[in-house]
Amino acid sequence: AAGPWEECFQAAVQLALRAGQIIRKALTEEKRVSTKTSAADLVTETDHLVEDLIISELRERFPSHRFIAEEAAASGAKCVLTHSPTWIIDPIDGTCNFVHRFPTVAVSIGFAVRQELEFGVIYHCTEERLYTGRRGRGAFCNGQQLRVSGETDLSKALVLTEIGPKRDPATLKLFLSNMERLLHAKAHGVRVIGSSTLALCHLASGAADAYYQFGLHCWDLAAATVIIREAGGIVIDTSGGPLDLMACRVVAASTREMAMLIAQALQTINYGRDDEK
Ligand code: IPD
């Protein structure tokens, strides 16, 4: 039977596919690039165009709903998750990839009600892979059910991370030393693919065993969290405690054992909170 948020879920799928088409076309065209919080934090007119498209369509269909979105937040809109139905949107995740035509770029649409994540839709624009997860109803990629690897042993793990926007020497030192700690623990490899949402989808698919990052945002995490949980994985705070969507940090893994091993290995990089900006 269709769940209570079926209409919203179907709208998210349709909009992610439409946005993906726009992004796929724009990928090979000339772009106007601006920077946001750092020289490595990029935005293009396509980020704005796609975000405006998604929000205006959803607002028309669901006028009482609230929105948290990357480019609106960059222009000063507050990121507060209330009990109202709330859409959490990243129009282009992997903007730096997009700018360089590196074909790992996604649209991410998450949806929460009473501060609980209900569903997530992530569209890999160039490979045309649609990842979906609905609370209690499983996670899928183009119709195929997703399952995490189930790996518990860090010395057998493929680990994913992202660099994050801050590039000052102290932050970089911590970032590299975190990576070094995982390599010392004999992880098989550490990968940086340039899109947090797609890295998290690889974890949900069983193509990687863990993910961690400092400096990601709620719109990088919302949709992916549902997909990973529904694929049997764990998403927690880097302290080892429960996930805090607004805390700009995460450990996700195929098992709780693996997530705790990684959380214990990490030193904190302080990025502040999304709801205090
Ligand atoms: C960013 C990318 C990047 C990650 C950042 C994200 P954006 O998203 O996923 O790889 O390091 O934390 O915010 O800015 O391209 O939407």
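In what follows, Ala, Val, Leu, Ile, Met, Phe, Trp, Tyr, Cys and Pro count as nonpolar, Asp, Glu, Lys and Arg as charged, and the others, Gly among them, as polar. A pocket is an open set of points on a 1 Å grid over the protein atoms alone, where a 1.4 Å probe fits, with protein on both sides within 12 Å along at least five of seven lines; lining residues have an atom within 4 Å of a point. Its volume is the space filled by probe spheres set on the points, which are joined across faces, edges and corners.

This is a predicted model: local features need pLDDT of at least 70, side-chain atom pairs count only at 80 or more, and totals for chains, interfaces and linings use all residues. Residues are numbered from 1 along each chain as its sequence is written, and side-chain values use heavy atoms, without hydrogens and water.

**First stop.** Select Leu 81, Arg 135 and Met 246, which are among the residues lining the second largest pocket. About 250 Å³ of space lies there. Its lining has 6 nonpolar, 2 polar and 4 charged residues. Now colour H7, which gives the largest share of that lining, 4 residues. Helices (H or I, at least four residues) and strands (E, at least two) are DSSP runs, numbered from the N terminus.

**Second stop.** Helix H7 (218–230) also supplies at least two residues to the lining of the largest pocket. That pocket has a volume of about 900 Å³. Select Asp 41, Glu 70, Pro 165, Gly 215 and His 217: of its 39 lining residues, these are the closest to the centre.
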